[in-house]
Amino acid sequence: MTLAKHNLVDIVQTVAKLHEPLASTRQIQIELKDADKEFIAETDKQYFHQIISNLLSNAVKFSPDGNMVYISFADSGNTITVSVIDEGVGISAGDQKRLFSGYQKITSQSTGEEQSTGFGLAIVSRLVEKLQGKIKVDSAPNKGTTISVEIQKNVSA
């Protein structure tokens, strides 16, 4: 892990551009809120890139064609929270408890033919933990999902 100061918006914009081709084939738009601001945090660029990439991939995968996926930023003093918000199928409370365990089939179905083991979210959870951050899920069936990652501005080694 290599910690350095990064503008999280720059990393998220890079990830969003990588996911645009798949999103556009399904007429899904990715919108970054507050992308004109700087949200500086001490993080590992590759870890954070992988975290956002997995969350964005899932948001696109589990959203119906023609919907929106939003990415928002919030500065809370010592932390920055990045939230990936979709208008997809949602996740039941029971499935949310197992979401980050890996190799757990959940009842939410993707909108395409893909199947998910949830292993990607287990990796996300571990990477967030290594960055001394927190991850939170807010979802309900047929109400979409918001997954928020809270990153400390200054990580103690």
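A nonpolar core is understood here as a set of buried Ala, Val, Leu, Ile, Met, Phe, Trp, Tyr and Cys residues that are joined through side-chain atoms within 4.5 Å, where buried stands for a relative accessible area under 20%. The model described is a predicted one.

In the largest such core, which has 37 residues, Ile51 and Val82 are the members that touch the most others. Two or more residues each are given to this core by helix 1 (8-25), helix 2 (45-61), strand 4 (68-75), strand 5 (79-86), helix 4 (119-130) and strand 7 (145-152), and the largest share, eight residues, comes from helix 2. Leaving aside residues up to four places away in sequence, Val82 has contacts with Leu8, Val12, Phe48, Ile52, Ile71, Ser72, Phe73, Ile147, Ser148 and Val149.

**Overall architecture**

The protein contains four helices and seven strands, and these follow one another along the sequence in the pattern β-α-β-β-α-β-β-α-α-β-β. Of its 157 residues, 48% are buried. Among contacts between residues at least 6 apart in sequence, 70% join residues that are at least 24 apart. The accessible surface amounts to about 8200 Å², and carbon and sulfur atoms account for 48% of that surface.

**Salt bridges**

| Arg26 | Asp65 | 2.7 Å |

The salt bridge between Asp65 and Arg26 links distant parts of the chain, since Asp65 lies in the loop between helix 2 and strand 4 while Arg26 lies in the loop between helix 1 and strand 2 (29-32), the two being 39 residues apart. Arg26 has a relative accessible area of 13% and is therefore buried.

Lys153 counts as buried because its relative accessibility is 18%, whereas Asp75, at 44%, is partly exposed.

**A buried loop residue**

Is Asn67, at 18% relative accessibility, to be counted as buried or exposed? The cut-off for burial is a relative accessible area under 20%, so Asn67, with its 18%, counts as buried. Asn67 is placed in the loop between helix 2 and strand 4, and, with residues up to four places away in sequence set aside, it touches Gln27, Ile28, Gln29 and Glu87.

**The hairpin of strands 6 and 7**

Strand 6 (residues 134-139) and strand 7 run antiparallel and are joined by six bridges. Ser139 stands opposite Thr145 in strand 7. The two strands form a hairpin with five residues between them, and Asn142, in the turn, has a positive phi of about 65°.

Key
Residues are numbered from 1 along each chain as its sequence is written. This is a predicted model: local features need pLDDT of at least 70, side-chain atom pairs count only at pLDDT 80 or more; totals for chains, interfaces and linings use all residues. Side-chain values use heavy atoms; hydrogens and water are left out. Buried means under 20% relative accessible area, exposed over 50%, partly exposed in between (1.4 Å probe, protein chains only). Contact means heavy atoms within 4.5 Å. A salt bridge is a side-chain nitrogen of Lys or Arg within 4 Å of a carboxyl oxygen of Asp or Glu. Accessible areas come from the Shrake-Rupley method with a 1.4 Å probe; for residues, only the protein chains shown count as cover. Two strands pair if DSSP finds at least two bridges between them.
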